Amino acid sequence: MISVFDMYKVGIGPSSSHTVGPMRAAYDFMQQVKAESDLASVTHVEVELFGSLGQTGKGHGTGKAVILGLAGELPESVDTSKIDDFLAQVDKEQKLTLLGEQNIKFPRQGAIVFHRRKSMPKHANAMELRAYAGDKLLLKDLYYSIGGGFIVRDADFDETLEEAIEQSSKPAPYPFDSAADLLRQCEEHKISIGELMLANEKVVRSEADVRKGLMHIWQTMQDCIDKGIQTEGTLPGGLKVRRRAPDLYKRLSEETVQDPMGAMDWVNLYALAVNEENAAGGRIVTAPTNGAAGIIPAVMKYADTFIRKLDEDAVIDFLLTSAAIGILYKKNASISGAEVGCQGEVGVACSMAAGALAEVMGGTVSQVECAAEIGMEHNLGLTCDPVGGLVQVPCIERNAMGSVKAINAARLALRGSGDHKVSLDKVIKTMWDTGNDMKTKYKETARGGLAVNITEC
């Protein structure tokens, strides 16, 4: 069972597939080395990055994430205020302490190799790690970072969901593989999508733990908005992109003229604030990816500010409902920009947010499904073409656009009957087919689209 806490993970920017996933993979690899060999015998470690990780990994901070993971850090717990100083020290001394225990040489040239022309067959984001004791290879493993911070070892890549369910001693009471399954069970048992998800979550953790964990997710999102609003300056990476959220906040706070569309300006602000924090490597929630991390928080903040104060039940309902929608994309398509383009990131987040907003605004299960479908239908074909391999242009502004689109999708669905020509299942399949047909250069390689046509930023 894919959990709500798989879809929403506290981590750091700028990319779930290029930063969060590789950090987890490096940490997992070192834990394997420690369990299967003598960590004290390790003299050096080598890492090779393939496909999109190799092509845009430098701009996405993949090398830095690998170093942090090897050192024993995890995205949800690393102290973001100390990262820059730590990485500067590693670069200066060309040494690294594995898991905080074993000192090794870690040359800036050769320890991490970015392959710009080599790929692995199973997924666009692949990385191989090797640990040595002198000339002796102690352990090597190949990992895939498959989007949203999820990682899979090569040996486990072909394991199917059905096999995982068979191995589970506590199957979920309401398993679903499609939106049709989800709607049928909600209607049959007269429960909402959020209630169905909560019942499934309670198989592996108590309701109190689920609620506590989700409230922590919401608080982290709000903290990220607040920090993004307060932090001025220029984003790292060479494009010299100026943070826009602080200035926009000041202007909106000082305006006295009533603008009927003023709420949209605030939605833009919330989304920009989160994704500027993400671009700066700050603490964010992968929702369901880092590149699209601003949409869910922006839409939730919009509902909380302009519709009604979101109490704990509403927050839980929003996050559970949106996660159920995200799970459908995870199971039947992809949430990886390197695999299907930005329709798998901003498009999926927009769909998740639209459905969840319809839910907390009192929509029926059919209207929730309709809102989620509309959210994706009008993001089909969206390419992932980050300029300079950085999650900045067009990514930051694209989150603002996706947030506004999610709100409109929910409103369109709530004004309708719930009947529509294209089902959510059909639009998910269409997104997957479109991603497979999309040229590789438009899928997080920085070799097509805006990434090559922009002359100045």
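**Close-up views of a predicted model**

**View 1. Helix 15 and helix 16 run roughly antiparallel to each other (angles over 145 degrees count as that).** Helices here are DSSP runs of H or I with at least four residues, and strands are E runs of at least two, numbered from the N terminus. Helix 15 (residues 346-360) packs against helix 16 (residues 365-377) at about 155°, with the axes 7 Å apart. Axes are lines fitted to C-alpha atoms over the stretch in contact, and angles run from 0 to 180 degrees between N-to-C directions. Helix 15 contributes Gly347, Ala354 and Ala358, among others, to the contact (heavy atoms within 4.5 Å), while helix 16 brings residues including Val368, Ala371 and Met376.

**View 2. Ala293 sits in the loop between strand 9 (283-286) and helix 12 (295-307).** Ala293 counts as buried because its relative accessibility is 1%; the cut-off is under 20% relative accessible area, with a 1.4 Å probe and protein chains only. Beyond its neighbours within four places in sequence, Ala293 touches Val274, Asn275, Ile284, Val285, Ala287 and Asn399. Ile396 is 103 residues away along the chain, yet its C-alpha atom lies 9.5 Å from that of Ala293.

**View 3. Residues 160-168 have pLDDT under 50.** pLDDT is the predictor's confidence in each residue, from 0 to 100. The model has 5 contacts beyond four places in sequence for this stretch. Where pLDDT is low, the predicted coordinates should not be read in detail. The protein as a whole averages 94.

**Notes.** Residues are numbered from 1 along each chain as its sequence is written. In this predicted model, local features need pLDDT of at least 70 and side-chain atom pairs 80 or more, totals for chains, interfaces and linings use all residues, and side-chain values use heavy atoms, leaving out hydrogens and water.

Note on methods. Buried < 20%, exposed > 50% of the residue type's maximum accessible area, 1.4 Å probe, protein only. Parallel < 35°, antiparallel > 145°, perpendicular 65-115°, else oblique.
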